Every structure is written in C-alpha cells, then in structure tokens.
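Me: I am new to reading structures and would like to work through this one by asking questions. Please show it, then start with a term I will need.

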Amino acid sequence: MGLFDGLPVPPDKAHLREELSRIDESWAAARFDSLPHVVHILTSKDREGALHALKEQSDIIEEVVDEVVHAYHSGFNRAIQNYSQILKLFSESAESISVLKIDLAEAKRRLGARNKQLHQLWYRSVTLRHIISLLDQIEGLSKVPARIEKLIAEKQFYAAVQVHAQSALMLDREGLQTVGALQDVKSELTKLRGVIFNKVLEDLHAHLYNNGDYSSYVGHDEEYRLANGGAIGLTKSRVLSSQLPPWLSFATPDEFLETMQKSDAPVHVKYLQTMVECLCKLGKVAAAGAIICQRLRPTIHEVITSKIKSHAEHVSASRPGIGLTTYSSSLQTLKEQLETYQLSKHKHSNGVSLSATLLAVSPVTPVMAPMGAAQSAARELLNSILDAITRIFENHVIIGELLESKASQHADINTPKSMVADITWNAEAEVTGGYTVGFSLTVLQSECQQLICEILRATPEAASADAAVQTAILAGKVPSKEERNGSEDGLTFAFRFTDTTVSIPNQGVQGWNKKGQGASKEGYGSAAVLPEEGIYLAAAVYRPVLQFTDKIASMLPKKYSHPGNDGLLSFVENFVKDHFLPTMFVDYRKSVQQAISSPAAFRPRARAAASYTPSVEKGRPVLQGLLAIDLLTKEVLCWAHSMPKFAAELVKYVQTFLERAYERCRTSYMEAVLEKQSYMLIGRHDIENLMQLDPANSCLYSNIKDNASDAYGIEVEKQMSDLLLSLRPLKQENLIRDDNKLILLASLSDSLEYLADSIERLAKTFSMACNEVEEKSTRLKTPRRNEVSSTSSKDLASFADDYRKLAIDCLKVLRIEMQLETVFHMQEMTNKEYMDDQDAEEPDDFIISLTAQITRRDEAIAPFVSGIRQNYIFGGICGVAANASIKALADIRSINLFGVQQICRNSIALEQALAAIPSIDNEAVQLRLDRVRTYYELLNMPFEALLAFITEHEDLFTPEEYANLLKIEVPGRDIPPDAQDRVSEILQ
C-alpha cells in the first residue's frame, strides 16, 4: 500500500492518485533533506525542465491538500451542529423533569387525602369480578355433562377426561361447594366418571386385541380392514406419527399432548399411551388392570376360537368339500385309502407303488405323515393363531410397561427413599390391579398350551402356579410372593392322554375316540380344520412354537427376559421328549419288526420283469422288507427334519431299525449259504486276496465294467482257477443246488445295494441340514438351540457301508458258486477215455448239464441284478472251464482224433451258452475257449510240426501244458524218446 493511498480524494479526481503515485516518497520523509534535490537541479542539463517538473508536483500536492481540507471541513461542521442540538435537548429534558416532579408531588398530596375511599372502591370491584367469575363458572359447569357426553360420542376420551378433571377441581373449590344448584352437576360428573372409565376400558380392550380403529394389525382381507376402521393402516399410521393424532384434536394443550406431538411412535402405540393416561387421570389404573386380568383368558380363548372358525371358512371356500372334516368322514377316507392300496397291488404287477408300500408299513396314515395334509394343516393353523397371539402380546407389553411405570411413579411419590429397595411386585400389583407383562405372558402361553393339547389330544392337569395367580386376582387378592415367583418362572404342566387309536386291520394308524370327541367339543374346535388330530402332530407344532418363543423373547422387557418365560416351548419339548418320541419309537419299531418278519419280506418277487430296471417304480425287484425299511427310515428322518433339536435322538432310532434290519438280512443270507463251499471260500485269506486283485472285482464298487482280458487279469484268473481246481473232487451237497436260494442272494444283493445308496443320500442330506442348523445357531448365538451334531451322519454312513459289504458278499458267493459248479461238472473229464469212433454231434452230458444250468440260472437271476453285476456272477465261468479243460489232459487216459473233436465240441457249446448272456464279454469268452481248442488240436499234429508250433508260440502255453501234450497217447502219432528234452530246450 502506498503512502498516499488513504487520502480522501473524490471519485471525479481519481487521477490525482496516479499523479501522487509518481512522486517519490522521500519528499514525505520525517527528516527531509533538501540538499540532494537542489544539487540535482543545479547539476541537471535541463534546469528549467527539472524545475518545471518539480513545480507540477507541488501543484498536484496543493490540489490534493485542498481536497482533503475541503472533505474534512464539511464533516467538522456537521459534528459541531449535532453537538449543539444534543445540548439543546438535554436542556429541554431537564426543564420537563422539573415540571414532572412538581406534578407528582401535587398528585401525591391529593391522593393521600382520599386513600381509604379508593381502597373501598377497589375491593368492591374485585368482589364484583369474583362474583361474575363464579356465575360464569356455574353456568359453564352446568354444561359440562353434555359436553363430556359429546366428547365421549366422538371418541375424544382424553379431552373428556380433561374436562371432567377440571370440572371436578372447580366443584371442590371452597366457593362452589355450598352452591346447591351444582350438587346435581356433581352427581352427574360422578356417574360420567364411571361412563368414561368403561368407554376407555372397552376401547383399550378392543385395541389390546387388535379390534380397534387404530390397531396395528393390517389384515389381508378388505372386509376386515373396513370393519376395523380400515382408513387407519400401516402407511397412514406412519404419516400421522409426526402430527397431532385425531383423537387428541379437541384436547386442551398440556405436557402430554406436547409429548404425543413430538413422539415418533406408531399410531397404535400413541393411542394405547393415551388410553393409559386417561386411566391415570381418572385414578382407575388398578380397576382397569384387574378387569383386564379377568377378561384376558376368555378373550384369548375367543380369539383362538374365532381364528379357527375363520380359517375353516377360508379352507371351505378355497377347497369346496374339504372344509369341515368329521370323525365318520375321516374314517371313510382312510377306508378308501386302504381300498386304493389293495387295488394298486394289482395294477403294479411289474412295478412298485411306493405310496402303497408306505401306507402298508407306516404306523401313521398318509394324512398324518410328516408331509401329510394333517401336518401342513396343523402347522398353517398354529402359525396363524400364534401370529395373532404375538401381535396381541405386543400390545400387552406396551400396556404392561406403561402401567408398571405408573406404578413405579406411584411408589416413588408415596415411598420414603430408605424403602425404595424393598419395593416388590406386590406394590406394583396393588397399583395395576395385578396386571403385569409376566401375568399376560403366562395366560397367553397357558391358552396356547390348551390349544396344543387339543391338537395333540393330550389333557393337561392343573399343575401350574398360573391357576393360583388367576384365582387370587379373581377373588380380589394379591397373590403371595411364592405364588408370583412360581407363575413368572414359566409354565409347569402335567398332562395325560386320552385314548387315541382305533383298531384297523394290519395298520398301526392314528385314530379318534369318543372321549377325545367330547373333549374337543368343549375346547377350541380345531377338529373342524384339521383332517386328523393326535400325538404325531407334535412335529407340526414344534417349529411354530419355537418361532413364537423367539418372537416373544425379542418383545419382552429386560426384567422378564429369563429362561423361565419360555414355558410353552418347554412344555412342547418335554411332551416330545417324554411322550412323542417314546410313542414313535414303539410304533416304528413295531412296523420295522412286522416289515422284516413277514413271510413275504425276503421273498423275491414271483412276477419279476424280464430284464433288470434300476427304478423301483418301473419294476426294480427290491425285497419288500428292505423297501419298507427304506421308506420307514426316510419317514423317521422327515420327523427329525421337523424337529431339529431331537434329530440326534431320532437318528438313533433309525440306527436301531437299520441294525435290526441288517441282522435280519444277515440271517437270510446265512440261511442260503450256511455250510456251503462258496461261503467258506470267500472267507479264506488267499481267496479273498485274489478276488480283491481280480480286475472284475472293481465293478462291485464303481459300477464300471472293466476289461479283464489283459495279462494281469488272466494271471489272477488262472491262480483263482488253480485254487478252485485243487478242491476236486467236489461233492454236490457242498454246492447250492436250490436255484431259489441263488435268486434270493441276487435279489438280496440288489436290495441291500439299493438301501445302502439310499442311506448314503440320507446321511449326506442330514449332514447338510446339521451344518445349516449349526451355522444358524452360531449366527443367532443361541447355545440352547445348538441341537444336532454331524456325528450321527457318520453312523448312518457306516450302516451304508455294512449293507453294501453284505451285498458284495452275496455277489461274491454267487460268482464263486458258479465257478464251483463249473469245476463240479468239468471234473468228469478226468480219468476218461476219449476214444470215439465217429464225429461228435453233441457235447458231453456234463457239458449239456452245465450249459443248461447256466442258461436257467441266468434267466432266473437276470431280473434281480444289473448287467454289470450279472457279468460279474457269470464272468468267472469261462476262465475256470478253460483252465479245467487244459489241465484235464494230464488225467485223460487216452484220446484219439474224434475225442479231440468231442472236447472242441464241448468248448463250442460252453461258448454258445455264455455268449447267450447279454452282459457277458463275448470277446474274452472266445479268447479263452479258442485257446482250449487250439491246445487240443495240437494233439493232431506230427511231432515235428508240434515243435515248429512251440518254437513260434512258446508263451501261448506253459511248459507243463506242452509236456502234457507229449505224455498222452494218441493213436497214429509217433513221439521220439528225446521229445521231452527237445521241447525243454526250445522253451529254455
């Protein structure tokens, strides 16, 4: 900023600032030295020019000074004028104050002379105003009853209470107590107090049960909304929450109205708060609490009953003809189901109806099954009722907390601070009439428990402290602390059962009885909605009750949040544990026993399909006993899915059933193979090792057909054949000659494999369900609900392994049995002379017998095993027959050309019989039997030609087999003495 920037230069002479900016600031120095400037002018070449420039700067400065002086001069003049005016005003004010003092002194003198007279006039005016006010009040009080009645009619209850309270205070004033005309008004106000109380209580009661104009419930039915003041819905309630509610529009502004206007609570909560405030202003909190307690149980009973009736009407309207189900119609339905099952047995001659099988073995009817209509109906009904009860309890929590807060305020006002710590529930109960959140929860759970008992057909005994609490309240007494503690700790119910079964031939089904009918008429009428009732509906009840308990727990205030308040869930869990599970175990154990002990349980199907099919519905011949076990296992695990907490216990039941079924299968297996050579052989260590090494054995585990024609497979096959041939001579009694037993083994193997696959799938599904429950429990942080463990799935998987192992043992026995049959027939070649005199037209009798047996058994077993398993059973015959034929040459005494042809004819017949089996490996069969024919045709060669063949095919046969070709006598063939040495030399 320049030195001259702050000078007051007018805008029209702004050029002066520019001129000033060109002047050196040294001219304005405090200690100005003129000598340098004089020297500069004198030494300048243009002295006149420098002097002229200096003069111009002087003129500019003088002009600026003139402007500054002019600007400040006008300001000074105005300041002087203003100061003069101020002095003038001060002088005038002083003169006026002096005059005012004189006037005031005169007024004081005059008023002092008439003081008493003025005081009398003032008192008279006050009295007259008071009389006029009293007359106005009397006139207003006479109109109060009509005004209150009008407010009541318009449901402006809070305004009516305000008017009543204000009028009552006015009537109690000293000046109005002696007015005779107001006695009638006072009497009317006393009556109106009761009227207001009744109206408020009725409206509060309606909103408690979601039947009021401002209830929180928004129904799905338009008619319900219209009947309950449908203009107030959830959306509108949020809009009104920030405004003054309509039921307070005529109220006088006070602290409560201000609180309501600022509150963000939903409309229904504000309304309930208003009703409680009305009761407090009326001084009727205790009376209201007592009446709510008295009406709580019958109202809840009515709510449940009406809900069931509306549900029944809805079902009847949506599904005509199914709405109301009676005892007789249910029995008729059951009879029709049984007849349908009998008819289905004729319709499914080549297949199996799983639903019919389940109906035949299950201890419950299809309606009562885990996925049955009764279960879904009970679950839907109970969810609907408990949802309504939950919304009702939400209102009770609001009212209970409001009343208890009023009780605590009353205690704080009337109780010394030293006794605050000793205030108990009894003090609150005296103020609230015994009504608390804990009491309402107890009654709600009690009624729900009664309903559940009706559905389950269990009769509860009066063994809970809840009865003592209600009796005390109805008698006008406050229950003792011991009774109160007992009621608040939860519900403790004892219960017994009515007779719940009827006798139906060959069925363990759930039914009805006359005693149960009588009980249902006095209850809630749930039989009108449910197609069937009984203990098995506990599964449908459990999950809704669990969800209901969680919702209730989330609503409860902290002082009530303790484990004792889940009494309904505890009742259901105890019922399931002590009654439902034992009953289920007995029923299903009986069904399992009947399924596995029936004569037809392990009887292969007589009319099996011509070929094997993997689908049970399309004809897979699973044994009836094991099919029944599979269906019962799935059904029990369905029950476990409905009740996760008891899943581990139900899985133990399944393990027990599977263990019994396994023992029965083992018994049936042993009956077929006991004391038979094949059974004893598969238990030998050497045989077992060879069977494990056999490539054909892989199909037992992977369902993939392996090619056993490789060198490794042939070597294993040869070792197995040598072991079996070493058992000669075989006796017929050591073999399984009964084809029915072989069919049983085949059918048992396939059925066991079917059941093992099913158990594995169930184990995986159950394990996934366990993991989901554990994850949910971890998320919710509820250790009490950490109900199931995956260890049970491992046990189920181990049962699947046991069943599959037994199925494999059946197949191994069948394979060894067919190989032993081959050895038994082929052993007739030994010590026999093949010196025929003509061409062979037919194979030997033992070959005919063997091929006929192969064909017969193949046709009998084919419908019961898959193609891969069929190949495994009959695939070992060829190798044994080929090896037996070659080894038999050492024991044949003599043979000629026709004998060689006979043996070749035998191999051709055997090849044809094996090739007729659809699943057999024809290439492997031909390879092995071609080797037999090649071996015996070598007998027709001269010795030199035989040596040439051995030279070219030294690995085709073993040295021992080549040596046997030289040992046997063949007519017309010369064998030199050193033939053996020459052959040995070639093979070395």
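Reply: A salt bridge is a side-chain nitrogen of Lys or Arg within 4 Å of a carboxyl oxygen of Asp or Glu. This is a predicted model, in which local features need pLDDT of at least 70 and side-chain atom pairs count only at pLDDT 80 or more, while totals for chains, interfaces and linings use all residues. Residues are numbered from 1 along each chain as its sequence is written, and side-chain values use heavy atoms, with hydrogens and water left out.

Me: How many helices and strands are in the chain?
Reply: Helices (H or I, at least four residues) and strands (E, at least two) are DSSP runs, numbered from the N terminus. Counted this way, the chain has 37 helices and 4 strands.

Me: What share of the residues in the chain is buried?
Reply: Buried means under 20% relative accessible area, exposed means over 50%, and partly exposed is in between (1.4 Å probe, protein chains only). Of the 988 residues in the chain, the buried share is 46%.

Me: Are Arg295 and Glu202 buried or partly exposed?
Reply: Arg295 has a relative accessibility of 25%. Glu202 has 42%. Arg295 therefore counts as partly exposed, and Glu202 also counts as partly exposed.

Me: How far apart in sequence are the parts tied together by Glu753 and Arg869, and are these two residues buried or exposed?
Reply: Glu753 forms a salt bridge with Arg869, with the closest N and O atoms 2.6 Å apart. Glu753 is in helix α28 (residues 739–780) and Arg869 in helix α31 (residues 867–874), so the pair ties together parts 116 residues apart in sequence. Both Glu753 and Arg869 are buried.

Me: Where do Lys832 and Asp844 lie, and how far apart in sequence are the parts they join?
Reply: The side chains of Lys832 and Asp844 form a salt bridge of 3.7 Å, N to O. Lys832 lies in the loop between α29 (791–826) and β3 (833–834), and Asp844 in the loop between β3 and α30 (845–861), so the parts are separated in sequence by 12 residues.

Me: Which residues does Phe846 touch?
Reply: Phe846 is in helix α30 and is buried, at 3% relative accessibility. Contact means heavy atoms within 4.5 Å. Not counting residues up to four places away in sequence, Phe846 touches His825, Met826, Glu828, Met829, Lys832, Tyr834 and Asn906.

Me: How far apart in space are Phe846 and Met829?
Reply: Phe846 and Met829 are separated by 17 residues in sequence. Taken from C-alpha to C-alpha, the distance in space is 8.9 Å.

Me: What distance separates the end C-alpha atoms of helix α34?
Reply: The expected span of a helix is 1.5 Å times one less than its number of residues. Helix α34 (residues 922–937) has 16 residues and should span 22 Å. The model agrees, because the end C-alpha atoms are apart by 22 Å.

Me: Which elements are included in what covers the buried residues of α34?
Reply: The buried residues of α34 include Ala924, Arg928 and Tyr936. Glu717, in helix α27, is in contact with Gly879 and Arg928, leaving aside its neighbours within four places in sequence. The cover includes α27 (711–725), α32 (877–888), β4 (894–895), α33 (897–915) and α36 (959–967).

Me: How many disulfides are there?
Reply: A disulfide is a pair of cysteine sulfur atoms within 2.5 Å. The sulfur of Cys278 is 9.2 Å from the closest cysteine sulfur, in Cys280, which is too far for a bond. By this rule, the count of disulfides is 0.
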